[in-house]
Amino acid sequence: MLNGLLKKRPLLVFWGLGILLLILYSAIYLVYPFRDAWNDAVLYVIYVITVSTPALAVTATLQLYDVNDLPRRVWLNFTIGFWCWVAAEFVWVSYSLLVGYPPPLNLSDFFYLTGYVFISLGIYHQYLLLGQPATRWSRWMAFFFWGLAVLLALLMLALTGAFFDTAMFLQDLFGITDLLLGAAALAMLAAFRGGALARPWGGFIVLALANIFYAWLSQTGAYQVDTVSGDVLRLISDLVYMLSYLVLASGFLYQYFLLRFGPRISGGETHHKERGITA
């Protein structure tokens with residue numbers, strides 16, 4: 001039965017496993033069945049597994065393209081970007097387990113920022129694959145995108161009175177960039193393909209909300225790295241963050257199954273590897 005479900009409804013199986021991970025994470029967080037650091041270690045293992053799912057999905061999709069296929073550039077940038085995010089999460093978790101609390105500025109910030117750059121490049125190359133010329137205007141739009149993100153993050157710092165707090169600036173920047181990435185991708189794909197490619201990008205909206213919520217908890221001191229207290233706000237923040245990665249992974253897996261198995265799995269849409277992710 002499971003094999004048949006996996007063949008006919010692979011995304012349903014993925015979401016079933018994902019929801020089980022979220023339930024398991026919540027149960028361990030609230031009940032605290034293990035002693036001392038072991039409880040945090042188990043939670044972090046579940047957390048890293050969950051946030052690694054988009055990187056695994058884009059890597060699998062990348063393998064479906066030959067070196068000369070034009071969409072390979074899109075998926076290569078996505079692959080590098082999401083694995084940079086996995087590296088960032090691993091660094092953050094390592095600090096939490098070994099030191100007790102990650103420093104406000106640490107190596108994970110470098111990997112997060114690098115990941116955003118490569119994911120932005122992936123969206124830009126997807127824009128070109130949709131038949132849009134690489135004009136000077138389109139290149140300047142990429143600079144405008146990042147300039148707007150930086151200006152909005154600086155504005156948020158000014159409003160909160162923490163203008164010279166670099167760590168807080170990066171937190172705000174990541175949340176704003178998530179929103180801009182999601183909005184840009186959804187608008188572009190809806191305009192040029194009727195929304196057929198929009199599935200992965202809803203995760204960026206959820207991710208932005210998770211980052212903004214986390215930034216607020218961090219700035220107010222409400223985010224507890226130690227899970228002994230069973231703080232519900234920390235749990236909600238983690239669950240929303242993990243959910244956003246599952247949404248991203250689900251969208252990328254949809255593209256994978258469409259290319260790998262065709263409309264039989266994906267629900268009736270056709271695909272053309274020479275134009276873009278799907279058509």
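Axes here are lines fitted to C-alpha atoms, for helices over the stretch in contact, and the angles between them run from 0 to 180 degrees between N-to-C directions. With that in hand, the axes of helix 4 and helix 5 come within 8 Å and cross at roughly 155°. That makes helix 4 roughly antiparallel to helix 5, given that angles under 35 degrees count as roughly parallel, over 145 as roughly antiparallel, 65 to 115 as roughly perpendicular and the rest as oblique.

A word on the ground rules. The structure is a predicted model, in which local features need pLDDT of at least 70 and side-chain atom pairs count only at pLDDT 80 or more, while totals for chains, interfaces and linings use all residues. Residues are numbered from 1 along each chain as its sequence is written, and side-chain values use heavy atoms, with hydrogens and water left out.

Now for the overall layout. The protein chain has eleven helices and zero strands, where helices (H or I, at least four residues) and strands (E, at least two) are DSSP runs numbered from the N terminus. Of the 279 residues in the protein chain, 48% are buried; buried means under 20% relative accessible area, exposed over 50%, and partly exposed in between, using a 1.4 Å probe and protein chains only. Among contacts with a separation of 6 or more, 69% join residues 24 or more positions apart, a contact being heavy atoms within 4.5 Å.

Back to the opening pair. Helix 4 passes helix 5 in a left-handed crossing; a crossing is left-handed if the near helix is turned anticlockwise from the far one by less than a right angle, and right-handed if clockwise. On the helix 4 side the meeting residues are P54, A55, L56, V58, T59, T61 and L62, and on the helix 5 side they are R72, W75, L76, F78, T79, F82, W83 and V86. By class, this contact holds eleven nonpolar, three polar and one charged. For that tally, Ala, Val, Leu, Ile, Met, Phe, Trp, Tyr, Cys and Pro count as nonpolar, Asp, Glu, Lys and Arg as charged, and the others, Gly among them, as polar.

Helix 4 (residues 53–62) is mostly covered, with seven of its ten residues buried. Those seven are T53, P54, A55, A57, V58, T61 and L62. Their cover includes helix 2, helix 3, helix 5 and helix 10.

Helix 3 (residues 37–51) packs against helix 5 (residues 71–98) at about 175°, with the axes 10 Å apart. Helix 3 is therefore roughly antiparallel to helix 5. Helix 3 brings D40, A41, Y44, Y47, V48 and V51 to the contact, and helix 5 brings V86, E89, W92, V93, S96 and L97. Sorted by class, the residues here are nine nonpolar, one polar and two charged.

Helix 2 (residues 10–31) and helix 10 make another such pair, packing at an angle of about 165° with their axes 10 Å apart. Helix 2 and helix 10 are therefore roughly antiparallel too, and their crossing is right-handed. Their contact involves 18 nonpolar, three polar and two charged residues.

What sits in the middle? The largest nonpolar core has 59 residues, and F78, F82 and W85 have the most contacts inside it. Such a core is a set of buried Ala, Val, Leu, Ile, Met, Phe, Trp, Tyr and Cys residues joined through side-chain atoms within 4.5 Å. Helix 10 (residues 232–261) supplies the largest share of this core, 14 residues. Leaving out residues up to four places away in sequence, F82 touches P54, A55, V58, I119, F204, L248 and F252. Also in helix 10 is F257, which is buried at a relative accessible area of 14%. The C-alpha atoms of F257 and T61 are 8.6 Å apart, although 196 residues separate them along the chain.

Finally, two loop residues. Y32, in the loop between helix 2 and helix 3, has a positive phi of about 55° although it is not a glycine. Most residues other than glycine have a negative phi. At 23% relative accessibility, Y32 counts as partly exposed. L105 lies in the loop between helix 5 and helix 6 (107–129) and is partly exposed at 44% relative accessibility. Setting aside neighbours within four places in sequence, L105 contacts T166, A167 and L170.
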